[in-house]
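Please look over the model below, then read the briefing that goes with it.

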There are 2 protein chains.
Amino acid sequence: MSGDDTILLAHGGGGQLTAELIEGVILPALGDAGGQEPACLADAAVLDPGAWCGGAAARLAMTTDTYVVQPLEFPGGDIGTLAVCGTVNDLAVAGATPRAMSMGLVLEEGLEISLLRRVLESAGRVAVEAGVRVVTGDTKVVERGALNGVMINTAAVGEVSPRADLGFGRIGAGDAVVLSGPLGEHGLAVMCRRKGLGLAGHLASDCAAIHGLTADLIEALGSDVHFMRDPTRGGLAATLVEIAAATGRDIQVRQQAIPVAPAALAAAEMLGLDLLTIANEGKLVAVVSAEAAENAVAILARHAIARRAVVIGQAGATADVPIVEMLTAAGGRRVVQMPYGEDLPRIC
Amino acid sequence: MSGDDTILLAHGGGGQLTAELIEGVILPALGDAGGQEPACLADAAVLDPGAWCGGAAARLAMTTDTYVVQPLEFPGGDIGTLAVCGTVNDLAVAGATPRAMSMGLVLEEGLEISLLRRVLESAGRVAVEAGVRVVTGDTKVVERGALNGVMINTAAVGEVSPRADLGFGRIGAGDAVVLSGPLGEHGLAVMCRRKGLGLAGHLASDCAAIHGLTADLIEALGSDVHFMRDPTRGGLAATLVEIAAATGRDIQVRQQAIPVAPAALAAAEMLGLDLLTIANEGKLVAVVSAEAAENAVAILARHAIARRAVVIGQAGATADVPIVEMLTAAGGRRVVQMPYGEDLPRIC
């Protein structure tokens, strides 16, 4: 297939053209992340968890996400990058090492195969970096106009570290809330590109896989890590409010502590958006014991994607109506609220 | 939420409305198939395979499929039935008992929530019957016009029976090809409904989960079952050609042995389609040793969905250019070919 080709409805029929698409485009683009033989993407894959964990039955984590980002390619990444990072990150914050991933592609008739190849190459690259194999997949084609180009669903299974003991219930008063880096660059880069705003030139998605951050934290700090989450849709605000609601504890954060990238702040102000509610991909919120906080920051900061890791606040006492309170830069107090909806969907 | 409500873009934003949709609609509709607490659909789920298999690390199977069927509801089923049956069946033919399923929903702005509730209730019902839990999920909303109502991706993990020893490589000369029932009713019921053809009145999808069939076969016959597949897209033709290509063996089938439902045959003839190439969901092709063939048919026929199970042919010798040959009812011979594409996609 040449780069000029486009997707035909018949590519989704399950016949010869489907096989050609899988063997000629999808598997080569996924590269080392794909299966060893074409058949592996056509069927259920058999996994051998015994080989991961030396015979004992480990706890496994399972997650899924469908990626509908528009535009499909944006500064700093594309839908393929996102589809692997997002699912790897959902496993990572569950304390799991990603092991096997499924990939469901839905393609629009007329999609340029060269574009498909680029996004799958991105997906394959991130999967290799994250050490996860794409073991099974599915490809559907829908009529022109029934979709905007391509949607990707990824689901994945990971092995939960025996050292991980995570959950809302483990969060206690005085626990430190650690954030791995500045907010909003991913969501804003996508929005600006979609809106055709020039400031996108200064702003690129920092979409990344955070399995390295979470693995190092769990390895070094074990049960001193109480909870982890990656603040995606709804941003840091949604994550903090969810923690407050689930634990019944107030959460205090200091606005001045929250790292911000100047280009993201400028874009958010121009768009009238709150950086706290903008989607990220590749950021980590970890709640750790107060004693472990400094160590957690140091461990994270060894990674290039978390050089600006910092303690942004702490969990407080239980309350009948727990709130997330932000000490503002001006010295005031503001209640951080769960975003109601979202003005611009499809940034993840 | 009342039945009159429709999906808003903000239902996909990750904030309060998303939580209301998950807790107010999705989890209640999934019923016993869903998680025990709302949080379970928001995150990675932790699985404990040790509890399935008594401590030893079993082999696991993993599969995924995205369902884009149009119309969303059709005689005999809907996209929810299909999304669970299809993924359960992909595990079943790998010799696996389905254990945990993820569900990724993509909803179109304006979708009636009552419709969403119906399809999720169907999904929940089939999942309970199949003994699989929906352990994690994801919900995205796209703008009106960017999708036809709803797409569902399901991925699932199952435990492979220690008695299963399946693969193309296990198929030998003289092995019997067993088919569990008549072809094409699912695909034709969907096509007729989509085209508004009146003959749909006599035709309903026989979409079903076949985990019971495959489990009984493996339990009773063990390694005498050499290969299993459910003939979906591309129909029986694609499955047989794939077996011939992968094994390098000719396959012979007898047209008169292939069970046919009169309504399906009439519809296929009216539409100018070949029953052998039409998609099914809930049919099983099993390749078993010649000695086990009679027993296999008897075991299948105990199930209501496989009362017409029958040996339709056998694997032959290896050949440089292996073919699937059909002895026609008229006494002639016809080469069964891999369908090239498909005239009407979105029937699965």
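This is a predicted model: local features need pLDDT of at least 70, side-chain atom pairs count only at pLDDT 80 or more; totals for chains, interfaces and linings use all residues.

Residues are numbered from 1 along each chain as its sequence is written, chains are lettered from A and ligands numbered from 1 in the order in which they are written, and side-chain values use heavy atoms, with hydrogens and water left out.

Chain B and chain A bury about 5,300 Å² between them. Within chain A, domain 1 and domain 2 bury about 1,600 Å² between them.

**Interface of chain B and chain A**

- The contact (heavy atoms within 4.5 Å) takes in 68 residues of chain B and 68 residues of chain A.
- Of the buried area, 61% lies on carbon and sulfur atoms; buried area is the accessible area (1.4 Å probe) that two parts lose on being put together, summed over both.
- Elements of chain B that give two or more residues to the side touching chain A include α1 (16-30), α3 (79-92), β5 (96-108) and β7 (150-160). Helices (H or I, at least four residues) and strands (E, at least two) are DSSP runs, numbered from the N terminus.
- β6(B) gives the most to this side, with eight residues.
- By class, the side of chain B that touches chain A has 37 nonpolar, 20 polar and eleven charged residues. Ala, Val, Leu, Ile, Met, Phe, Trp, Tyr, Cys and Pro count as nonpolar, Asp, Glu, Lys and Arg as charged, and the others, Gly among them, as polar.

**Salt bridges**

- Over all chains, a search of the whole structure finds 22 salt bridges, a salt bridge being a side-chain nitrogen of Lys or Arg within 4 Å of a carboxyl oxygen of Asp or Glu.
- Six salt bridges are found across the interface of chain B and chain A.
- A:Asp65 forms a salt bridge with B:Lys140, with the closest N and O atoms 3.0 Å apart. This pair crosses between chains, from strand β2 (residues 60-67) of chain A to strand β6 (residues 133-142) of chain B.
- A:Asp138 and B:Arg233 also meet through their side chains in a salt bridge (3.0 Å, N to O).

**Domains of chain A**

- The domain assignment, which is automatic or from a database, gives domain 1 (57-160) and domain 2 (168-336) in chain A.
- The C-alpha centres of domain 1 and domain 2 of chain A lie 24 Å apart, and the contact takes 21 residues from each of these domains.
- Carbon and sulfur atoms give 67% of the area buried between these two domains.
- In domain 1 of chain A, A:Pro75, A:Asn89 and A:Val93 lose the most area to domain 2, together 36% of what that side buries.
- Between the two domains of chain A the count is zero salt bridges and six residue pairs in polar contact.
- β3 (73-74), α3 (79-92) and α4 (113-130) of chain A are the elements that give two or more residues to the domain 1 side; the largest share, eight residues, comes from α3(A).
- That side of domain 1 has twelve nonpolar, six polar and three charged residues.

**Strand pairing**

- Three bridges join strand β1 (residues 45-47) of chain A to β2(B), and the two run antiparallel; two strands pair if DSSP finds at least two bridges between them. A:Val46 has B:Ala61 in β2(B) as its bridge partner.
- In chain B, strand β8 (residues 176-179) pairs with strand β12 (residues 310-318) in the antiparallel sense over four bridges, and B:Leu179 stands opposite B:Val310.
- Strand β10 (residues 249-254) of chain B is also joined to β12(B) by four bridges and runs antiparallel to it, with B:Arg249 opposite B:Thr318.

**Cis peptide bonds**

- The peptide bond from A:Gln70 to A:Pro71 is cis, with omega near 0 degrees, and A:Pro71 is found in the loop between β2 and β3 of chain A.
- B:Gln70 and B:Pro71 are joined by a cis peptide bond with omega about 0 degrees; B:Pro71 is in the loop between β2 and β3 (73-74) of chain B.

How values were computed:
A polar contact is a pair of N or O atoms within 3.5 Å; within protein, one must be able to donate a hydrogen and the other to accept it, and residues adjacent in sequence count only if both atoms are side-chain atoms.
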